[in-house]
Amino acid sequence: MGRFRFFLERTKTVRFVRFWLFLLLAVLLFAVLYWQVKPRQYELRLFDVAKETIRSPVTVEDKEATAKLKEEAAAKVADVYTLKKEYAENRVDLLSSLFAAIESVQHEAEPDRSPSDMIAKLEERLPPEWLAYLSAAEWQRLLAASPEELKTAKEAALTAVHAVMSERISQAELDTARAEAAKELEYAALSPPLREAVAKLCRQAVIPNVVYDRAATEEKRRQAMDEVKPVNILQGQVIVEEGQFITNDVYRRLELVGLLESGRPSWTAAGLLVFVLLLLAPLISYFRMETTNEKLSLYTAIFALMMTTMALIRLLPSSGAVSIGCLVPAAFGPMLVRILLGERLAMMTTIIGAVCGSLLFNEEIGTAGAVSVSLMVYFLAGGLAGTFCLPKELAKANIWRAGMFVAAVNIVSLFSLLLLKNGRYSPTEIGLLVLMAAASGVFSAILTIGLLPVLEAAFGILSPLRLIELSNPNHPLLRKLLTEAPGTYHHSIMVANLAEAACEAIGADGLLARVACYYHDIGKTKRPRYFIENQIGGNPHDHLSPQLSKNIIIAHVADGVALLRKHRLPKEIIDIAEQHHGTTLLKYFYHKAREQTEFVSEAEFRYPGPKPQTKEAAVINIADSVEAAVRSLSNPSQEKIEKIVRSIIADRLQDNQLNECDITLKELEIVARSLCETLNGVFHSRIEYPEVGKEKVKHA
């Protein structure tokens with residue numbers, strides 16, 4: 001119950017610290033990028049003189065100018081009039097009715113009826129407005145016409161009115177249309193006075209036959225407005241030239257694109273915050289399964305160094321086609337992460353750094369806050385080159401080679417991007433770009449080599465490079481082991497070979513296991529002759545009591561830990577040296593003591609521990625015993641080797657020596673097979689060569 005409570009409290013602490021570390025990363029990213037994406041604003045007033053040429057940072061629609069153009073387009077649309085064909089029929093019917101009335105009056109008139117009586121009779125049958133079409137004399141002419149003349153007049157009038165009103169007649173065209181109707185009667189077989197009366201009647205019958213169509217007019221105006229393209233202020237477009245006056249229109253456009261200090265809230269900060277959270281999301285997902293915060297703290301430091309370097313280089317001047325971004329050592333951050341934290345996280349760092357760098361160093365005119373795709377590709381190429389070029393066996397020379405490879409990749413990617421842009425660059429500009437690309441790779445290697453020991457010391461990180469340095473035979477402790485305890489030195493080398501292969505087989509850190517094996521028995525240098533591998537002619541334990549021998553043997557663990565701490569070796573190696581025997585029993589001296597007296601405590605003849613806490617320590621615990629046991633065989637065979645390996649592993653399991661590490665039974669089976677394969681390769685059978693007698697050499 002107490003362990004569970006401790007675990008919960010530790011989990012809460014880990015999450016709390018992790019939250020603040022991620023918050024620190026977010027604040028750092030936001031602070032570095034904000035000054036680049038923040039829109040620049042000017043303190044200008046109407047009718048001031050522009051001190052510099054101002055361009056639009058964004059593309060935005062000028063709605064006011066667009067609305068003005070739409071109004072002008074709508075005003076240019078003429079009113080729509082619809083032809084009413086029924087008007088022609090109505091006017092023809094009107095004329096027909098009028099002539100019918102005249103004919104009826106003629107038929108009903110008595111021979112002695114006076115013209116005035118006939119007109120009066122006609123007035124009874126025609127509306128007053130119709131009578132106003134002609135004068136009394138003209139009506140009398142029509143009433144006095146013979147039936148044949150009246151019929152001819154009627155046909156001519158109807159034909160003329162119908163022909164004229166079949167065409168569109170507006171109010172403005174009315175006089176012309178009436179004249180055309182009268183002209184149609186010129187060739188009618190009528191007397192001139194009668195023709196004149198009929199022509200006047202036709203002119204009165206012709207009226208405008210088009211009417212204003214409001215719906216059609218509005219639709220046409222709407223179409224005209226829709227055809228107007230929006231007026232856009234384009235990104236990079238000059239709003240005002242240097243030395244020009246700030247007119248009302250210029251002031252309005254400056255305000256529209258957000259270049260005036262108007263005090264209005266800007267959404268840039270909110271957008272950048274969302275952008276930063278999206279960038280950190282993969283990191284949050286990556287680190288959420290970690291039970292400690294050491295890796296995240298280290299990563300935060302590396303990322304802070306990377307972003308600080310970018311920010312400092314951003315302060316350097318840049319002009320024309322030569323972007324200062326090409327000088328950024330974009331690979332040093334991924335290379336450090338690759339060495340200290342792993343390849344997967346290094347690739348994520350490369351992508352995040354490329355996106356941030358392309359945003360930070362985007363210098364294209366009028367595109368503040370945008371991402372430069374060219375720089376992003378450039379940073380990605382260099383970062384990935386640095387990540388994948390580092391070999392598994394790290395050394396300073398390999399880091400230098402990786403830096404040179406990054407420089408070459410930078411130059412190639414730079415040339416490819418220049419060719420894709422199809423721009424014109426002077427030899428000076430190209431030379432400067434190439435020099436900066438090469439310097440980027442060199443600086444990446446320099447920063448990686450220089451910062452690696454600082455980060456290792458600050459965070460207590462054991463990197464592969466540090467392990468390789470510790471594996472150098474010229475290290476003072478290894479030289480001490482070789483000169484003072486050569487048998488132990490050879491034993492350590494053999495155990496290192498066994499442990500490295502087994503650890504790599506189960507996915508553990510093989511390099512750490514190898515280097516830890518070199519130092520695990522360094523305590524034997526204090527009394528080397530008391531260990532069998534260093535004895536030549538006689539065993540000092542033959543003259544000592546089992547209790548004293550036991551104390552000497554067990555002491556080599558504490559002596560080794562003290563010696564390793566004195567030389568400030570990494571904690572991981574010290575822990576393995578302390579755990580490599582666990583709490584195993586010194587069986588030889590225990591049984592020897594039991595032969596002398598029955599009252600012997602088994603606990604007195606056990607190593608003090610602790611038991612192995614990691615897979616590497618567990619594998620070394622097994623490999624150490626296996627190597628010593630197999631070396632003691634007079635004629636080791638595959639069967640004997642496998643029997644010893646499996647018996648030792650079974651003994652460790654029965655003795656509960658592996659209970660405190662996370663190694664599984666499946667992994668122990670893999671370890672057993674790996675140890676057997678390695679030992680069989682070392683103790684393989686050899687051919688016995690027959691002795692060859694000496695032959696006399698005959699000289700010519």
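The model is predicted, so local features are taken only at pLDDT of at least 70 and side-chain atom pairs only at pLDDT 80 or more, while totals for chains, interfaces and linings use all residues. Residues are numbered from 1 along each chain as its sequence is written, and side-chain values use heavy atoms, with hydrogens and water left out.

Of its 700 residues, 43% count as buried, where buried means under 20% relative accessible area, exposed over 50% and partly exposed in between, using a 1.4 Å probe and protein chains only. Among contacts (heavy atoms within 4.5 Å) with a separation of 6 or more, 78% join residues 24 or more positions apart.

Two cavities of 30 Å³ or more turn up in a search of the whole structure. On a 1 Å grid over the protein atoms alone, a cavity is a set of points where a 1.4 Å probe fits but cannot get out, whereas a pocket is an open set with protein on both sides within 12 Å along at least five of seven lines; lining residues have an atom within 4 Å of a point. Points are joined across faces, edges and corners, and a volume is the space filled by probe spheres set on them.

The largest cavity holds about 40 Å³. Helix 13 and helix 15 each give at least two residues to its lining, and helix 15 has the largest share, with four. The lining comes to six nonpolar, three polar and no charged residues (Ala, Val, Leu, Ile, Met, Phe, Trp, Tyr, Cys and Pro are nonpolar, Asp, Glu, Lys and Arg charged, and the others, Gly among them, polar). Helix 15 itself, residues 343-360, is mostly covered, with 14 of its 18 residues buried. Its end C-alpha atoms are 25 Å apart, which agrees with the 26 Å that its 18 residues should span at 1.5 Å a residue, the expected span being 1.5 Å times one less than the number of residues.

Helix 13 (residues 294-314) also contains Thr-300, which counts as buried because its relative accessibility is 5%. A polar atom of the Thr-300 side chain sits 2.7 Å from the backbone oxygen of Leu-296. Leaving aside residues up to four places away in sequence, Thr-300 touches Leu-21, Leu-24 and Leu-25.

The second largest cavity has a volume of about 30 Å³. Helix 16 gives the most to its lining, with four residues, and the lining divides into six nonpolar, four polar and no charged residues.

Then there is the second largest pocket, with about 1100 Å³ of space. It is lined by 33 residues, and His-581, Leu-586, Tyr-588, Ser-625 and Ala-628 lie nearest its centre. Helix 26 contributes the most, five residues, and the lining as a whole has twelve nonpolar, ten polar and eleven charged residues. Helix 23 (546-566) is another element that supplies at least two. Ala-562 belongs to helix 23 and is partly exposed, because its relative accessibility is 47%. In the loop between helix 26 and helix 27 is Asn-635, which is exposed at a relative accessible area of 56%. Asn-635 and Phe-683 are 48 residues apart in sequence, with their C-alpha atoms 8.8 Å apart.

How values were computed: Polar contact = N/O pair within 3.5 Å; in protein donor to acceptor, adjacent residues only side chain to side chain.
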